[in-house]
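Hello,

Here is the structure I promised to pass on.

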Amino acid sequence: MESSRILEFLKDKSILITGSTGFLAKIFVEKVLRVQPEVKRLFLLVRAADAASANQRVQTEILGKDLFKVLRDKHGDGFHPFVASKVFPVAGDIVREDLGIQDSNLREKLWKEVGIVVNVAATTSFDDRYDVSLGINALGAKHILEFARRCVRLEMLLHVSTAYVAGEQSGLILEKKFLMGETLKGGSYLDIEAELRLVDKKKRELRAEYATEEVEKLAMKRLGMKRARYFGWPNTYVCTKAMGEMLLGHLRGDLPLVILRPTIITSVHRDPLPGWIEGTRTIDSLIMGYVKGKIACLFGDLDIVADVVPGDMVVNAMMVTMAAHSNQRSEFIYHMSSSVRNPMTYSILEQSAYRYFLENPRVGKDGRIIKTRRVPVIRNMTRFRIYMTLRHKLPLGVLHLINLLSCGRFARGYNELNRKYKFVMHLVDLYEPYAFFRGYFDDLNMERLRMAMKKDDAEAWMFDFDPKHVDWEDYFYRIHVPGVLKYAFK
């Protein structure tokens, strides 16, 4: 496939994009508008009560972001008329049939016009409520598929999943599909309908007991983690994403389907705004925890490969796979990963972050420079738990007793230390499977596309998705860490 076909492929296309207010979808929208201004229309599905609310969200949460600065500068005073002619907000919700689009005329318009459907919508919280994760990650994928079937011009459904549907496997992990009901635990079968019934039953029981909203939320979170681990996945997120893949593969018929599985997505590497990121994404929780003084030590093996890919490279891979497989009535699975092609260890991240803060020290609330120190790393979980017990849990117990005896005089100090301890242990519970993850994601299918792209150097660079082109040490020191500090909470 020649890369020139990508620009031609996008020309005059109408694309429906879900999850459009999310990090990855924003990069996708910006890239399409910038490199192919002759795209016909981008329909952006956003959760909103009506068209006006949807438009407001698109203007403030997408087009108003720093990410679009290059595009704004390119069009100048014509930016707003340009995006108004290309971007069409759609009020809806993927957890509902017909994507929750109430306007029947609009539904008909989409079914007649849309040629590409891109599903980026997901709840990525590792321990979200089970009912919420099932609704978005599993049933949402089914609803997208059913909607795509009715698009008479449909050439492709692109579904963005995650490579970590592989769970805690080790060794080389292949780009292969999930069969309906397949689990990662021998002797078990995953009946999605039964899981939905289980959730409904649990919620009825809770409401019969007049459980508060907070109690129901906690129960749903615990149920999700319990069921995920029962079937062999480490958390609710990757379990429900695997369910979404199963439903798509089982129900697609002959609909052209690409499932793209990125690994840990990090900030923009090159195009259009190096370092741009939104929120804290997995490893960034550790960076921000360190910055805020919430982390006294780290756990994990620094020699283990951390499979990361910059967000702009993921988006480029999305576009290339779309063009490569349009109207090919099969299912294609791709890992967008770096662990085989250009592996990076956690030690590189730790060293780069330490170097950055050493040369750019933090400043406390009192205006004083905070001395940069290396956070100790404990490579064994047993030792880590012993360390946390001796260093934090036991002193907390003593402080709690003193606080009770002194009628609450030390309540503020106790609550602050207890909050930090719980924050660290929560991270431990969620990230332990990845701190010691020993899998490598095969990307042979993706490599075949890279080889095909080399026929046109200029446009291959425009749609670069080769992690071998990233110098990880330079990227984390010069781009990612400062990007997290600048944009993560903006």
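Strands here are DSSP E runs of at least two residues and helices are H or I runs of at least four, numbered from the N terminus. Please keep in mind that this is a predicted model, where local features need pLDDT of at least 70 and side-chain atom pairs count only at pLDDT 80 or more, while totals for chains, interfaces and linings use all residues. Residues are numbered from 1 along each chain as its sequence is written, and side-chain values use heavy atoms, with hydrogens and water left out.

β4 and β5 pair in the parallel sense over four bridges (pairing takes at least two DSSP bridges). To get from β4 to β5 the chain passes through helix α7 (residues 130-149), a right-handed β-α-β crossover: with the strands pointing away from the viewer, the path from the first strand over the helix to the second runs clockwise.

β4 also runs parallel to strand β1 (residues 14-18), joined by four bridges, and I15 has I116 as its bridge partner in β4. Within β4 (residues 116-119), I116 and V118 point one way, V117 and N119 the other, and all are buried (under 20% relative accessible area, 1.4 Å probe, protein chains only).

Elsewhere, I283, D284, I287, M288 and V291 in helix α11 meet F476, H480, V481, V484 and L485 in helix α18, with contact meaning heavy atoms within 4.5 Å.

Best wishes

Methods. Buried < 20%, exposed > 50% of the residue type's maximum accessible area, 1.4 Å probe, protein only.
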